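Me: I've got a model open and I'd like to talk through its contacts and strands. Shall we go piece by piece?

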Amino acid sequence: MNRISKVFLTLALGACAVGCYSDFDRPAPDKVWTEADFADSRLISIRDFKQLFYDVYGHEANSLAKTLYIEDDYVIRGKVISSDRAGNVYKSLYIYDETSESAIELRLSTSNYVYYHPGQTIFVKTQGLVIGNYRYMLSVGGRPSEADLENGYANNNLEDRVTIEQYVKPGAMGELTAADTLVVNAQNYRTVLNDDALGRLVRFEGLNYRSGSDGSDIYPNYLETLYLNGSSTATYTTKYYKDQLIPGTDKQMPDTYAYSYAGQKYYGSSWFSFFPSGSSAEDAGNYIARVSGYANFALMDLPAPGAVGNMTAIYTKYSSRTGGYIKYQLLINSREDIDF
């Protein structure tokens with residue numbers, strides 16, 4: 001190789017190196033997806049998307065644990081209305097479509113708050129995913145395993161970022177507005193709150209905190225979850241704060257939203273109602289706040305019995321595997337959403 005060729009080769013390699021380092025130091029901004037990116041797909045409202053499932057299986061108990069595999073190129077869009085930053089929402093992202101006033105859960109992995117922010121628009125390419133019904137709650141996820149189906153789970157979480165990014169496309173940042181939250185009180189809950197609102201962000205105003213017996217249930221309580229003798233199957237025992245001591249002390253355990261002591265973290269359940277007394281938690285107007293022991297407000301004291309306040313939460317539904325024993329549960333994003 002002659003001297004002139006060597007000079008040009010050296011200059012070319014140097015330019016390449018400079019360009020590469022420049023790109024590393026100043027990476028291109030992440031793509032912000034818009035409707036135009038899905039011109040060749042079928043953009044469908046979340047309400048109509050959920051109706052695809054209901055058209056096949058209906059709304060009743062025989063729809064539980066059923067799966068609907070999405071073969072067509074449907075795309076849904078919604079605002080993020082949940083956050084797992086406080087540790088109470090787990091492997092889920094809820095999005096709300098203001099055009100159809102409907103919401104749905106996306107079954108994803110952990111730390112969703114790092115990638116998706118409340119008020120941000122999200123697009124979901126659903127072809128190849130599954131709508132599943134778990135205890136009356138519809139969600140979008142991956143194909144279930146045989147073990148999932150045996151346990152009543154009709155789809156699975158998308159666990160790795162590569163898979164998630166294949167289906168979930170982040171759109172423009174935004175803010176949650178008053179219109180994104182359904183406001184419910186003792187005067188209107190019978191008319192404005194029904195199963196069409198499942199998965200939505202709801203502000204409950206004027207709730208009464210209740211403690212005590214409701215049939216065979218006693219509130220508040222927590223669900224001790226143990227894997228005995230190395231078993232992969234959990235043993236569940238409902239326990240009551242009033243009967244327990246704080247581990248390592250002789251002090252009675254206070255009533256808190258969940259259990260988080262000595263490295264053990266269990267779900268807690270507490271009862272809130274538009275009725276100060278005289279109504280079962282299975283009736284309309286009664287709600288169970290179910291809080292994870294991993295939530296950073298797990299040990300926050302519950303209100304004094306009879307206290308009245310407000311709570312903002314994702315509105316969900318839960319039942320036995322056969323569809324009975326229905327409870328409406330409140331999934332709280334953060335301690336700031338509790339105002340008692």
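Me: Which residue forms a salt bridge with Asp 217?
Reply: First, a word on the ground rules: this is a predicted model, so local features need pLDDT of at least 70 and side-chain atom pairs count only at pLDDT 80 or more, while totals for chains, interfaces and linings use all residues. Residues are numbered from 1 along each chain as its sequence is written, and side-chain values use heavy atoms, with hydrogens and water left out. A salt bridge here is a side-chain nitrogen of Lys or Arg within 4 Å of a carboxyl oxygen of Asp or Glu. With the closest N and O atoms 3.3 Å apart, the partner of Asp 217 is Lys 327.

Me: How many residues apart in sequence are the parts tied together by Asp 217 and Lys 327?
Reply: Strands are DSSP runs of E with at least two residues, numbered from the N terminus. Asp 217 sits in strand S13 and Lys 327 in strand S20 (residues 327-331), so this pair links parts whose separation in sequence is 110 residues.

Me: Which residues are joined into one network with Lys 327 by salt bridges that share partners?
Reply: Asp 217 is one member, and the network has another aspartate too.

Me: Are Asp 217 and Lys 327 buried or exposed?
Reply: The scale uses relative accessible area with a 1.4 Å probe and protein chains only: buried is under 20%, exposed is over 50%, and partly exposed is in between. On that scale, Asp 217 and Lys 327 are both buried.

Me: How many salt bridges does the structure hold?
Reply: Among them is Lys 31 with Asp 37, the closest N and O atoms being 3.2 Å apart. Glu 205 and Arg 203 make another, at 2.9 Å between the closest N and O atoms. The total for the structure is twelve.

Me: What is the relative accessibility of Asp 37?
Reply: Its salt-bridge partner is Lys 31, which is partly exposed because its relative accessibility is 43%. Asp 37 also counts as partly exposed, and its value is 33%.

Me: What about the other pair: what is the relative accessible area of Arg 203?
Reply: Arg 203 bridges to Glu 205, and Glu 205 counts as partly exposed because its relative accessibility is 29%. Arg 203 is partly exposed as well, with a relative accessible area of 26%.

Me: How many of the eleven residues in strand S19 are buried?
Reply: S19 covers residues 308-318. The strand is mostly covered, and the number of buried residues is nine.

Me: Which residue in S19 is the bridge partner of Leu 201?
Reply: Two strands pair if DSSP finds at least two bridges between them. Strand S11 (residues 201-210) and S19 run antiparallel and are joined by seven bridges. For Leu 201, the partner in S19 is Ile 314.

Me: And which residue in S20 is the bridge partner of Lys 317?
Reply: S19 and S20 run antiparallel, with five bridges joining them. S19 also pairs with strand S21 (residues 338-339) in the antiparallel sense, over two bridges, where Met 311 partners Ile 338. In S20, the partner of Lys 317 is Tyr 328.

Me: On to the backbone: what is the phi of Lys 91?
Reply: Lys 91 is in the loop between strand S3 (74-80) and strand S4 (92-97), and counts as buried because its relative accessibility is 18%. Although Lys 91 is not a glycine, its phi is positive, about 55°.

Me: Which residue does a cis peptide bond join to Tyr 219?
Reply: Omega for that bond is about 0°.

Technical notes
Helices (H or I, at least four residues) and strands (E, at least two) are DSSP runs, numbered from the N terminus.
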